[in-house]
Amino acid sequence: MNPVMQTIFDRIAQAETIMLFRHIRIDGDCVGATKGLQEIIRQTWPEKQVYLIDDERSDYLAFLGPDDAPVADEVYANALGIVIDVGNLERISNPKYALCREIIKIDHHIERDVYGDINWVEDWRSSACEMIAAFYEAFRDRLRLSRKAAECLYTGMVTDSGRFMYEGVRGDTLRLAGLMLDAGVDTETLYAHLYLRTFDELKFRAAIYENMQLTPGGVAWIHVTTEMQNRFGLTFETACTSISSLSDIRGVLCWLAFIDTPDGEIRVRLRSRFASINGIAEKYHGGGHACASGATVYSAVEMQELIRDADEHIRRYKETHEGWL
Ligand code: AMP
């Protein structure tokens with residue numbers, strides 16, 4: 001066990017009020033990890049106040065339940081803050097984290113900012129939910145895991161690991177996922193929430209296959225323009241799922257989705273197998289994991305520069321490595 005886990009357990013046990021924080025552009029992992037830990041704390045210490053306050057909502061994650069209503073600034077000031085699944089400070093969704101008397105960072109991204117008073121970072125973990133599950137396992141004689149908490153944590157373990165397919169999944173991942181299943185997760189309903197698509201979403205997927213591009217080095221990319229989003233009546237969240245349609249192309253070691261945002265920027269989602277691509281994300285105002293990163297570009301010209309960089313990177317990777325597919 002990482003010794004910092006004991007410190008974190010002691011701080012939680014001592015705190016009367018705890019505020020939980022996660023990253024902007026929410027996903028299954030940051031939502032599952034914050035809600036899962038909140039539920040574990042509530043079940044274990046019903047007398048503690050534990051809040052999760054965030055403006056952002058997600059349709060497909062709504063089944064995990066609503067967040068809490070806003071509270072006064074004084075509540076933050078007396079609270080222990082726990083920030084989960086956020087590598088760099090500017091991505092914390094609720095800026096009031098800065099009011100908390102002490103901050104614990106729990107994260108599995110490649111370290112960018114050491115912003116916590118206490119930092120537990122394990123970038124080899126496949127998800128932040130896996131870390132919370134490992135935390136539960138380490139103190140399971142003193143913590144309570146309800147079925148609801150297990151559902152939250154299992155959700156993040158499944159979504160961030162691509163259904164246990166990406167690199168980063170180890171024996172420990174599956175053993176901890178097994179603990180969650182033992183707590184009674186209803187996988188049929190959970191997978192239905194996460195993976196069923198509407199008829200129109202599948203039409204959109206067909207358009208992605210129709211419009212995807214391929215570079216000479218083997219980078220597939222798609223630009224989901226505002227026009228395309230309007231044509232298919234897409235929410236921004238659905239437009240962003242376009243990245244997953246490009247993941248299974250033989251010889252394509254890197255794939256990119258560029259999604260126009262309502263405020264005129266272009267969100268970039270970068271994915272790869274075999275070769276790491278977080279260096280490219282960092283060059284374009286982003287970061288993340290070796291094979292799953294995010295970035296932002298501000299023009300079509302910058303988008304083409306990023307594509308050229310990715311193409312060159314993958315071309316060089318292929319020249320210097322064997323065994324890739
Ligand atoms: P996404 O494509 O947004 O799901 O991002 C993939 C991974 O990279 C996630 O773990 C994100 O938390 C992380 N990430 C996304 N955008 C950024 C960014 N601008 N800076 C640092 N990390 C990011």
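This is a predicted model: local features need pLDDT of at least 70, side-chain atom pairs count only at pLDDT 80 or more; totals for chains, interfaces and linings use all residues.
Searching the whole structure turns up one cavity of 30 Å³ or more.

Who lines the largest cavity? That would be Phe9, Ile12, Leu37, Ile40, Ile41, Trp45, Phe135 and Leu143. Two elements give two or more residues each to that lining, α1 (4-14) and α2 (28-44), and α2 has the largest share, with three residues. By class, we get eight nonpolar residues in the lining, no polar ones and no charged ones.

Let me pick out Glu130 and Arg170, whose side chains meet at 2.4 Å, N to O. Glu130 sits in helix α4 (residues 128-138) and Arg170 in the loop between α5 (147-160) and α6 (171-182), so this pair ties together parts that are 40 residues apart in sequence. Glu130 is buried, at 0% relative accessibility, while Arg170 is partly exposed at 29%.

Then there's Arg147 with Glu151, a salt bridge at 3.5 Å, N to O. Those two are four residues apart in helix α5, so about one helical turn separates them. Arg147 counts as partly exposed, at 45% relative accessibility.

Asp141 and Arg142 also form a salt bridge, with their closest N and O atoms 3.8 Å apart. Asp141 is exposed, with a relative accessible area of 63%, and Arg142 is partly exposed at 44%.

Last one from me: Arg22, Lys35, Asp54, Arg57 and Asp67 are linked up in a salt-bridge network.

How values were computed
Residues are numbered from 1 along each chain as its sequence is written. Side-chain values use heavy atoms; hydrogens and water are left out. On a 1 Å grid over the protein atoms alone, a cavity is a set of points where a 1.4 Å probe fits but cannot get out, and a pocket is an open set with protein on both sides within 12 Å along at least five of seven lines; lining residues have an atom within 4 Å of a point. Grid points are joined across faces, edges and corners, and a volume is the space filled by probe spheres set on the points. Ala, Val, Leu, Ile, Met, Phe, Trp, Tyr, Cys and Pro count as nonpolar, Asp, Glu, Lys and Arg as charged, and the others, Gly among them, as polar. A salt bridge is a side-chain nitrogen of Lys or Arg within 4 Å of a carboxyl oxygen of Asp or Glu. Buried means under 20% relative accessible area, exposed over 50%, partly exposed in between (1.4 Å probe, protein chains only).
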